[in-house]
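User: I'd like to go through this model with you, one question at a time. Can we begin with the backbone and then zoom out?

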Amino acid sequence: MEQRKVLFKWLQRWGLNTYLYGPKDDLKHRMLWREMYLEEEAVHLKALIQAAHACGLQFIYALSPGQDIIFSNSYDVVLLKRKLRQVAGLGCKAFAILFDDIDHTLCQVDKDVFSSFAHAQVSVANEIFQYLEEPCTFLFCPTEYCNSLCYPCLAKSAYLKTIGEELLPGIGVIWTGTKVISKELTEESIKEVQEVLQRRPLIWDNLHANDYDSKIVFLGPFKGRPIGLGPHLQGLLLNPNCEFEANFIPIHTLGSWFRSIHRMRKHSARSDGSASKEESGAYCPEEALSRALQDWTEEIGKSVLPGRQTLPVEDRSSTNSEPKMSEKQGSHITTRWSHCKSSIDVPQESTAEDCEIPKGPQAFHSSEGKSVPCQSKGAPDVISNETATVWKPCEIGEDREQETQVLTQLDSASQELEASHETPGLTDLRLLVGLFYLPYEHGDKAQHLLKEFQWLKANSSCISIAVKKGDPQKVDEWRSRALHFKQECDNLLHLHSRIIKSTNRAFLYDLYPYVWDVRNTTLLAKAFVLWLDGHVLSDNHPFGSWRNCFHWCRTIASVDLLGVEVEPWVFKGGISGEFQMMLPLGTSPELFIHPPPLFPASQSYNIRSFASKDKAELYRICRELHHKSLDPSHSLRKHPDLTGDSTVGPLLHLSPEYSFILEDDRGLCGYALGVMDVKSFIKNCEATWFPAMREKYPQASYTELQKATYPDSLLYHFPSLVHVEVLPDVLDSSVARCLATCLLLALKVNGSQGVFCEMLPTDQLHLEFFTKLGFLEIFRSDAVHHEDIVLGRLL
């Protein structure tokens, strides 16, 4: 509820005036649409409607009965009327009936009554519209709601032809554009839709919707919709991100876009042609973004609790007070958001006097006396002169006691960083927006990073260890660009640190999972690029090279890449996903899935190649990890270096090129060591390492130094060995996964097709760790000291 109150103020401030409630997570909106709201649920819904009206917003209640309604069943129609009558009794005067994302076929009972699916929908929609006494706003979402869903095409769709001809003229029809998520909307395409529907469509714009991919969020400006669309639309609904705090810029810039339409109309009415560029209504997304960023910087500077929870009035003087949750809310009213809509109605003739919706001042230009959108009863295609913004909340759950406990924990975690809180600056926010821009494009910084990574990947052969007479100029260029790439990655890591310290915890908790995911990708990409210098073997088969494997980048439109138009969910993961697709193991998505931590962590990490100066510290970690479980009289305790020499020493000495270090603010905290060819490694150990160790420890027990033996059947399919260990105080398990993945990338680049890892049968922690990494096979053999071998293919 606190988020909704803030939302309503945003909408009022920016000249938008409608809120549409229709979350699929409200079971009584879709799945249980026949059921009435309980008294407690109705109280909260009524309060929401009143709060919207108090801010001059029209409240539209949407219902989705299409999954199981029997159109010819009079009882179902009665239940539909009863449900909407209940909501009308709570003060709602605008409605929508949605038939999107459902099966196109009719049940047998309906087939006997209706000639087509469209006739069935139109029959019910018209009846409900008339039953509600033809409200000034009544919307209808067809099953074919964009060009790509029309059969066989928009102009020849029998379904839409029926909708256009038989749906009552006072009912508005929702449309998403050429696709579900349209990159652009053109006047020509809207005119074509208008002709088929026989009315101006109302655009339900999914440009900023992110509910189809858990790794993306869109912070960019409203874009790709020329202001010349205005006269051809009944309105425009924006469907922003699931996270409330992520929608400041999308809605802010939507308001700028709408005001540009008004300025354009005023300019066109002038006869002297003396208006300035701004007065003429020109809309520039980048200028709108700059203004929004300025305001967002101020908003983020506020001290706000997660979920926009506020302290009780009597406790606000105490900064250490715990947030108090509101009373238990119905399933339709929550603190988490999904499917957010913002609507803009095109200026026309009618005003609020023509309908019963109460007037309310618009916050952006309240002196203009703006009215809310409406339509005269019985008057076809007559719309008001105002903007509308629609937002759809999603259910987080009914267990409020448990949620209160979580919020208390969140607040406690926040207090830990209180002394170091900072406000991300304008430069930080611009970088953040660039990383999470729009579905079909990245910001400048993100595009630059992707291009640089692709270039470094494609030209890595020049720094191969097998190249003896390479072009010095090319090598210098590669190393210079690699250093620049490292610096850019460090800037992203710094952004992560700055956001963690933000005083606005609502902003932090909504956006942290996305920033954290990019942090992990950045750690991995930076370490991998720096490792390439001097470690890549010669590649005699360019066609099958990891450098030339399939990749894509949104600097190239997907339509150009594939030759067909595709929705943005075809390529998931945002900028992190694109980096991963360019990595040698990009086709193994399980390696890059990191569940975000419950509480944001301020600790910073770095992954890099092993250096000789790290050996002493790395040996110390070995002792810390292995001595706790040993008897005090054990030989490993008697000789400080024996643990390191028997576990990691051979790998560091004979295979340093596959050795990676994990470090935090306090120093080394983990390592990942690998061997490309175990057979050759064992021979080298027998020839050099073991004799040296027997000489170094003449009185020691040599059981720890015995060479392992592995069956040929194992090494044929899994020729490489990996050894990963991390200190237990590294609470963020994702960095350990990144560390292990970096080693796997290095092995894959140089041709390994499979790896294995030794562990004791009791080592359940490591077993679970590697299983999650995709090492799904377990091999047990007495030949390897009764240990388990976890296997993984790098194909």
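User: Which loop holds P152?
Analyst: Keep in mind that this is a predicted model. The peptide bond leading from Y151 into P152 is cis, with omega near -5°. As for its place in the chain, P152 sits in the loop between β4 (137–141) and α6 (158–166).

User: Is E133 buried or exposed?
Analyst: E133 isn't a glycine, yet its phi is positive, about 65°. You'll find E133 in the loop between α5 (117–131) and β4. Exposed means over 50% relative accessible area. E133 has a relative accessible area of 56%, so the label is exposed.

User: What is phi of Q198 near?
Analyst: Look in the loop between α7 (187–197) and β6 (202–205), where Q198 is placed. Q198 is a residue other than glycine, and its phi is positive, near 60°.

User: What share of the protein chain's residues count as buried?
Analyst: The chain carries 24 helices and 16 strands. Buried here means under 20% relative accessible area. Of the 795 residues in the protein chain, the share that counts as buried is 57%.

User: What part of the accessible surface belongs to carbon and sulfur atoms?
Analyst: Start from the total for the protein chain, about 33000 Å². Carbon and sulfur atoms account for 52%.

User: And how much of the contacts with a separation of 6 or more comes from residues 24 or more positions apart?
Analyst: A contact here is heavy atoms within 4.5 Å. Take the protein chain's contacts at a separation of 6 or more: residues 24 or more positions apart account for 79%.

Notes. Residues numbered from 1 in each chain as written. Predicted model: local features only at pLDDT ≥ 70, side-chain atom pairs only at ≥ 80, totals over all residues. Heavy atoms only, no water. Helix = DSSP H or I, 4+ residues; strand = E, 2+ residues; numbered from the N terminus. Buried < 20%, exposed > 50% of the residue type's maximum accessible area, 1.4 Å probe, protein only. Areas by Shrake-Rupley, 256 points an atom, 1.4 Å probe, with all protein chains shown as cover.
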